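Try each task before you read its solution.

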Amino acid sequence: MSGPLDGKVVLVTGAGRGVGRGIVDALAGDGACVVAAVHRAEDAAPMLAAATGPTIAPVCDVTLRADVDAAVAAAVATFGGLDALVHNAVSNRSNEITDLEHASPALFDEHTAVSVRALLHLAQSAHPHLAARRGAFVVLTSPAGIQGSADRALYATVKGAQRGFVKALAREWGADGICVNGVAPLAVTPALDKAFAGDPAMEARLSRVIPLGWFGDPTRDIGPAVAFLCSDAARYVTGQTLVVSGGRFTAL
Amino acid sequence: MTPRRGRVAVVAARPGPLGERVADALIEAGAEVHVVAPPIDTGTARAALAAAGHPDVVVWADVDPDALTPRSVVDLGEPDWARRSEDPVRSLLWLLQAAHPHLRDRDGRVVLVCPSIGLEGAAGLVPLATAAEAQRLLAKSAARRWGGDSITVNCVTVSVTALDPALAAAAPDAARTAPALGAPDALDGAAAAVAWLACGTASAITGATIGADGGAVMAP
């Protein structure tokens with residue numbers, strides 16, 4: 001069966017769980033060879049066992065340039081090149097409720113290293129390969145990076161930073177034929193799943209403000225949007241943020 | 001509602017035209033102005049605010065001149081990246097944290113001046129665009145969190161060519177859209193917008209971004 005990503009090689013960071021896992025499944029379903037970069041070594045084996053297409057799962061801490069270089073090198077060595085890179089990894093502390101007044105330097109550094117400084121590593125490491133194939137660079141940002149957040153200010157800050165990065169890099173890399181875009185999802189995550197399990201009424205309550213009435217599924221709702229931006233169908237789309245939120249967020 | 005004179009403003013700005021114009025506009029609006037030069041850590045911020053007495057306005061009006069020097073992303077070293085894209089956000093965060101107890105429940109006002117390329121991007125200036133959007137989202141988040149404390153937080157965008165006219169030649173992508181109003185003194189325009197948000201009848205406006213770029217970007 002052929003798919004829109006047949007023969008394309010896509011590297012996904014933070015691929016082990018949640019939205020990252022959904023993106024991997026959607027990419028594989030569209031025919032991509034997937035480099036599922038996982039932060040935790042224990043996520044690699046289940047990832048490979050469940051793979052539905054050509055997949056490798058290197059361990060990669062995106063805050064370490066050497067890890068990023070190794071993951072990109074593994075993509076090239078295994079599949080012969082790199083067509084798209086998807087930066088999905090976020091800090092393990094991204095769901096922490098934090099008073100802006102008391103946000104610590106350590107928390108700022110943690111968010112910045114994973115969400116923003118990693119973009120520098122990924123962009124520098126992937127650029128020659130993406131330029132060779134007129135590829136795509138996709139960043140998972142957030143509606144919080146558009147609207148701000150009263151109780152997760154640092155998360156919103158780095159997600160906003162990513163949108164600035166996307167817009168500027170799209171202009172810088174346009175001459176290389178590389179498309180650079182963002183996706184701002186509203187999705188069920190492992191943390192949200194846990195919260196719903198603890199408070200069964202919460203999902204219905206929160207879903208009421210989503211016009212379509214449900215939280216996005218990582219594989220069926222978020223992954224396809226990412227896959228589209230990695231495909232040739234999106235070759236004239238660059239510098240944009242695609243909000244995938246069931247209509248919850250409409251102000252861009 | 002009438003503008004409130006007699007405000008006490010702390011302006012974060014290093015020596016240069018942007019900080020000077022903003023300070024002049026605030027003084028013209030009746031404010032007492034105290035200036036602190038970035039980079040700012042928590043101690044610096046607390047000391048500057050305490051030295052001002054009872055500040056009820058904080059303005060960020062600073063862009064690192066190094067960040068206005070075009071460099072491609074693939075050529076940036078990590079220290080250079082951190083200085084251009086992370087340090088301004090850190091400084092603003094520490095300033096906001098130190099300002100909160102001074103501003104709360106006093107109709108406090110925070111205004112940021114941000115380069116408009118955060119809204120539309122520009123080749124050669126990726127770290128600056130990254131920092132600009134980080135600061136703007138930090139401001140929006142502060143606006144959401146501190147609205148209940150009667151603190152407003154807003155942004156004014158200004159074109160990078162107003163900050164450094166040489167960029168029109170050095171980074172033409174940053175000057176690709178001509179301002180609808182032509183080329184009046186953009187820094188004066190931005191300073192006037194800052195003064196209105198800080199001292200004027202803007203108490204119901206928060207989390208907003210006002211483009212003071214002569215009508216170049218027109219976003220959203």
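## Exercise 1: A covered helix

Helix 6 of chain A is mostly covered, with 21 of its 21 residues buried. Keep in mind that you're looking at a predicted model.

**Task.** Work out how the reach of helix 6 of chain A compares with the span expected at 1.5 Å a residue.

**Solution.** 
- Step 1: find the helix. Helix 6 of chain A covers residues 153-173, which makes 21 residues.
- Step 2: go from the first C-alpha to the last. That reach is 30 Å.
- Step 3: compare. The expected value is 30 Å, and the helix comes close to it.

## Exercise 2: Sizing up the two chains

**Task.** Compare the radius of gyration of chain A with what the globule rule gives, then do the check for chain B.

**Solution.** 
- Step 1: The C-alpha trace of chain A spans about 45 × 40 × 35 Å along its principal axes, and 56% of its 252 residues are buried.
- Step 2: turn to chain B, with its eight helices and six strands. A compact globule of 220 residues would have a radius of gyration near 17 Å, and the 16 Å of chain B agrees with that.
- Step 3: check how far along the sequence the contacts reach. Among contacts with a separation of 6 or more, residues 24 or more positions apart account for 71% in chain A and 79% in chain B.

## Exercise 3: Tracing the sheet of chain B

**Task.** In what order do the six strands of the open sheet in chain B lie, and is the pairing parallel or antiparallel?

**Solution.** 
- Step 1: walk along the chain. From the N terminus, the elements of chain B run β-α-β-α-β-α-β-α-α-β-α-α-α-β.
- Step 2: now walk across the sheet. The order is 2-1-3-4-5-6, and the pairing is parallel. On average, neighbouring strands are turned by 20° against each other, direction ignored.
- Step 3: zoom in on strand 3 of chain B. Four bridges join strand 1 (residues 8-12) to strand 3 (residues 57-60) in chain B, and Ala12(B) stands opposite Trp60(B). Helix 3 of chain B packs on the sheet, where it touches strands 1, 3, 4 and 5 of chain B and makes about 170° with the direction of strand 3.
- Step 4: move over to strand 4 of chain B. Four bridges tie it to strand 3 of chain B, with Val57(B) partnered by Arg109(B).
- Step 5: check both faces of strand 4. In a regular strand the side chains alternate between the two faces of the sheet. In strand 4 of chain B, Gly108(B), Val110(B), Leu112(B) and Cys114(B) are buried on one side, and Arg109(B), Val111(B), Val113(B) and Pro115(B) are buried on the other.

## Exercise 4: Where the chains meet

**Task.** Which element of chain B gives the largest share of the side that touches chain A?

**Solution.** 
- Step 1: count the residues. The contact takes 40 from chain B and 34 from chain A.
- Step 2: Helix 3 (78-103), helix 4 (117-120) and helix 5 (126-146) of chain B each give two or more residues.
- Step 3: Helix 5 of chain B supplies the largest share, 15 residues.
- Step 4: The chain B side divides into 20 nonpolar, 10 polar and 10 charged residues.

## Exercise 5: Two residues

**Task.** Are Leu93(B) and Asp217(A) buried or partly exposed?

**Solution.** 
- Step 1: recall the cut-off. A residue is buried if 20 or more other C-beta atoms lie within 10 Å of its own.
- Step 2: apply it to Leu93(B). This residue has 24 such atoms, so Leu93(B) is buried. It lies in helix 3 of chain B and touches Ala103(A), Phe108(A) and Leu138(B), leaving aside residues up to four places away in sequence.
- Step 3: apply it to Asp217(A). Here there are 13 other C-beta atoms within 10 Å, so Asp217(A) is partly exposed. This residue is in the loop between helix 8 (200-207) and helix 9 (218-230) of chain A.

Conventions:
Residues numbered from 1 in each chain as written. Chains lettered and ligands numbered in written order. Predicted model: local features only at pLDDT ≥ 70, side-chain atom pairs only at ≥ 80, totals over all residues. Expected span 1.5 Å × (residues − 1). Buried ≥ 20, exposed ≤ 12 C-beta atoms within 10 Å, placed from the backbone. Contact = placed C-beta atoms within 7 Å. Nonpolar A, V, L, I, M, F, W, Y, C, P; charged D, E, K, R; others polar. Pairing = 2+ DSSP bridges. Axes fitted to C-alpha atoms, helices over the stretch in contact; angles between N-to-C directions. Rg over C-alpha atoms; globule rule 2.2 N^0.38 Å.
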